[in-house]
Amino acid sequence: MRRPEGHRRAWSHGRNSEGVDAIPARPARIQDVAAAAGVSVSTVSNVLNRPERVNARTAERVRVAVAELDYVPHPAAAGLRTGRTGAIGLVLPDVTNSFYARIARGAADAAYDHGHALVLCHSGDDPEREQGYFGMLAGQRAVGVVVVPLGADPGRLARLRERGIPLVLADRAMPDRDGCSASVDDIAGGRIAVQHLLDSGARDILVVNGERGIRQCADRYQGARQAVRSRREARLDQVVAERMTVAYGTDIARGLKDLPDGVFCTNDFLAAGLCRGLAERGVRVPEDVQVVGYGDLDIADFGATTLTTVRQPVEDLGRAAVEMLLDEIEARADHVHETRVFAPGLVLRDSTRPPGDRP
């Protein structure tokens, strides 16, 4: 039986239909597809992984080349040729935090869609443990790593890149000259949160924030300050929680001497705890104090008073990070580093009043 013209897949072991020993053909590579279609390797990668980026005529030319060459981008086969496994490492600072769990879900979905396994690593935001995981992943010949840092400094990230494994950051932007990253515009998120409090009648606003060394917290506070600058009569203050948990939010509410009329908590755990602590004092939310959280985590939609919060496209962070990592691995020299920044949005619930509604 004759094989279709242009079919390049290797014969199986044994003899062909004419009784002659079959000679295995080299499987087609992505470079072969690019050459046949007259495009770059990165264009082929986009057609296979992100077809919306390529015009229809070019995409069709690539698909024809893929079919004619019988190109199969199978990670296990690639691993046999390159000596690497099909595994992608995902290094998270806290696997119990629902925010990071949602990043992991997006990353796992993208990895699965492209035929890769995801290896979850809990760093505890410990630089030494992070380095240890990189050593393990390098030893196991993982194809690349997605890192979600909390308080990472540039030197720390540079040391990770020295391991020689393709690296993409999630939930933190970095210059595209240094590598790919996927993050949320937290400055815009802080501005959206406080602007909503101002539009809902609040004028004395407190920001309950995390440690200043956490970049996301610093950005959210910067956005809050930008919003307040637009209202001369508004006042902004800040208190820093040692940890961004429900318990610390509750303690802060218990210790407030002068109650503000609006509070922006830079994560939903702090906001939920703050609402609980205010309720213990007989302070009504939103009648006496309006509260906005950040993240739209599961906790935001529980309790007697559900949280108005800033939604982040968290699963998109994980998915985008894996897709950029695979593009770097597949396209190699043709890969161009990207800095993808996602826009946040406001979710209205019980903890604030409608815009323009004053007590």
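Visitor: How many helices and strands are there in the protein chain?
Guide: This is a predicted model, in which local features need pLDDT of at least 70, side-chain atom pairs count only at pLDDT 80 or more, and totals for chains, interfaces and linings use all residues. Residues are numbered from 1 along each chain as its sequence is written, and side-chain values use heavy atoms, with hydrogens and water left out. Helices (H or I, at least four residues) and strands (E, at least two) are DSSP runs, numbered from the N terminus. On that basis the protein chain holds twelve helices and twelve strands.

Visitor: Among contacts between residues at least 6 apart in sequence, what percentage join residues at least 24 apart?
Guide: A contact means heavy atoms within 4.5 Å. Among the contacts in the protein chain between residues at least 6 apart in sequence, those joining residues at least 24 apart make up 72%.

Visitor: How many residues of H12 are buried?
Guide: H12 reaches 26 Å from its first C-alpha to its last, close to the 26 Å expected at 1.5 Å a residue; the expected span is 1.5 Å times one less than the number of residues. The helix is largely enclosed by the rest of the structure, because the buried residues among its 18 number 13.

Visitor: At what angle do helix H1 and helix H2 pack?
Guide: Two packed helices are described by the angle between their axes and the distance between the axes. Axes are lines fitted to C-alpha atoms, for helices over the stretch in contact, and angles run from 0 to 180 degrees between N-to-C directions. Angles under 35 degrees count as roughly parallel, over 145 as roughly antiparallel, 65 to 115 as roughly perpendicular and the rest as oblique, and H1 and H2 are therefore roughly perpendicular to each other. The axes of H1 (residues 30-37) and H2 (residues 41-49) are 8 Å apart, and the angle is about 100°.

Visitor: Which residues of H2 make the contact with H1?
Guide: On the side of H1, the contact is made by Ile30, Gln31, Val33 and Ala34. The residues of the contact of H1 with H2 divide into five nonpolar, two polar and no charged (Ala, Val, Leu, Ile, Met, Phe, Trp, Tyr, Cys and Pro count as nonpolar, Asp, Glu, Lys and Arg as charged, and the others, Gly among them, as polar). On the side of H2, the residues are Val41, Val44 and Ser45.

Visitor: Against which helices do the buried residues of H2 pack?
Guide: Seven of the nine residues of H2 are buried, so H2 is largely enclosed by the rest of the structure. Among these buried residues are Thr43 and Asn46. Their packing partners are H1, helix H3 (56-69) and H12.

Visitor: Is Met244 buried or partly exposed?
Guide: Met244 is found in the loop between strand S7 (235-240) and helix H10 (246-255). Leaving aside neighbours within four places in sequence, Met244 is in contact with residues including Ile214, Cys217 and Phe269. With a relative accessible area of 21%, Met244 is partly exposed.

Visitor: Which peptide bond is cis?
Guide: Most residues other than glycine have a negative phi, and most peptide bonds are trans. Pro286 lies in the loop between helix H11 (268-280) and strand S9. With omega near 10°, the cis bond is the one from Val285 to Pro286.

Visitor: What is the phi of Asp171?
Guide: Asp171 lies in the loop between strand S4 (167-170) and strand S5 (180-184). At 5% relative accessibility, Asp171 counts as buried. Although Asp171 is not a glycine, its phi is positive, at about 65°.

How values were computed: Buried < 20%, exposed > 50% of the residue type's maximum accessible area, 1.4 Å probe, protein only.
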